[in-house]
Amino acid sequence: MRLTQALLKRYYTDAEGKLLFQVLRYHPKAFSQRQPDGKGGWINNLKGVETVLYNLPALAAADVVWLCEGEKDANRLIAEGLVATCSPGGAGNWKAYYAAALAGKRVIPVPHNDAEGERYIVQALASLKNVARETPVCRLPGLPPKGDVSDWLDAGNKVEDLEKYCQKPDTEPKMEIK
């Protein structure tokens, strides 16, 4: 696949708002990551960069944080007035040290309706145990296979209804993980 111009640019910053790296999305669904070179340009890799959660500056003051699989869903919830985040690279890329940014918070994971989404949430919950104050998982009804919170909201559901579908963190994964 030949990548041309990025359709979307997602900025990852440190807690003070300093740009650390950028995630680029290309059509139809390809991604790349790059870091500033310090001279106004870019280095097309993340070598030497410690990755952080998306929307990190907003997490410090938040009591409740919605954990999404990717920036698209995090941005959708942010646009709806919620504090949301994700790890760079989506499913399968949660790092245990991300939990420190969520210490003492009510973290509500919103998985995609697929095995990758379940694996992502299981990974995150493992590192959030004994770190986050509470981790009720929000499993949305009526999602098509691979559906996400953006699809659910696009179908006419309301952001005010999200918490109705939160379950205790010790709830078994919805799908069998192999």
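Figure 1. Arg106 has a relative accessibility of 14%, so it counts as buried, the cut-off being under 20%. The model is predicted. The side chain of Arg106 meets that of Glu134 in a salt bridge, 2.9 Å from N to O. This pair links distant parts of the chain: Arg106 sits in strand β7, Glu134 in the loop between α3 and β8, 28 residues apart. Glu134 is partly exposed, at 36% relative accessibility. Arg106 also forms a salt bridge with Glu163, at 2.7 Å from N to O. Here too the pair links distant parts of the chain, with Glu163 in the loop between α4 and β9 (166-167), 57 residues from Arg106. Glu163 is partly exposed, with a relative accessible area of 39%.

Figure 2. Val107 lies in β7, residues 106-109. Its relative accessibility is 0%, so Val107 counts as buried. Leaving aside neighbours within four places in sequence, Val107 contacts Val65, Leu67, Leu102, Leu128, Ala132, Glu134, Thr135 and Pro136. The C-alpha atoms of Val107 and Asp63 are 8.5 Å apart, although 44 residues separate the two along the chain.

**Figure 3. Helix α3 and its cover.** Helix α3 runs over residues 115-128. Its 14 residues should span 20 Å at 1.5 Å a residue, and the end C-alpha atoms are 20 Å apart, which agrees. Buried in α3 are Gly117, Glu118, Tyr120, Ile121, Ala124, Leu125, Ser127 and Leu128. The elements covering these buried residues include β5, β7 and β8 (137-138). Just after the helix, Asn130 takes a positive phi of about 65°.

**Figure 4. The buried face of helix α2.** Four residues of α2 (residues 71-79) are named here as buried: Glu71, Asp73, Ala74 and Leu77. Seen down the helix axis, the buried residues of α2 fall within an arc of 165°, so they line one face. An α-helix has 3.6 residues a turn, so residues three or four places apart point the same way. The buried residues of α2 pack against strands β1 (8-13), β2 (19-26), β5 (64-67) and β6 (84-85), and against helix α4 (149-154). Just after α2, Gly81 takes a positive phi of about 95°.

**Figure 5. Salt bridge between Arg76 and Glu80.** The side chains of Arg76 and Glu80 meet in a salt bridge, at 3.8 Å from N to O. Arg76 counts as partly exposed, at 24% relative accessibility. Glu80 is also partly exposed, at 36%. The count of salt bridges in the model comes to eight.

**Figure 6. Arg34, buried without a salt bridge.** Arg34 is found in strand β3, residues 30-36. Arg34 is buried, yet has no salt bridge. Asp37 has the nearest side chain of opposite charge, 9.9 Å away. Which side chain does Arg34 join through a polar contact? That of Gln22, at 2.6 Å. Beyond neighbours within four places in sequence, Arg34 is in contact with Lys9, Phe21, Gln22, Leu24, Trp42, Ile43, Asn44, Asn45 and Leu46.

Terms used: Residues numbered from 1 in each chain as written. Predicted model: local features only at pLDDT ≥ 70, side-chain atom pairs only at ≥ 80, totals over all residues. Heavy atoms only, no water. Helix = DSSP H or I, 4+ residues; strand = E, 2+ residues; numbered from the N terminus. Buried < 20%, exposed > 50% of the residue type's maximum accessible area, 1.4 Å probe, protein only. Lys, Arg positive; Asp, Glu negative; His and termini not counted. Salt bridge = Lys/Arg side-chain N within 4 Å of Asp/Glu carboxyl O. Polar contact = N/O pair within 3.5 Å; in protein donor to acceptor, adjacent residues only side chain to side chain. Contact = heavy atoms within 4.5 Å. Arc of directions from axis to C-beta. Expected span 1.5 Å × (residues − 1).
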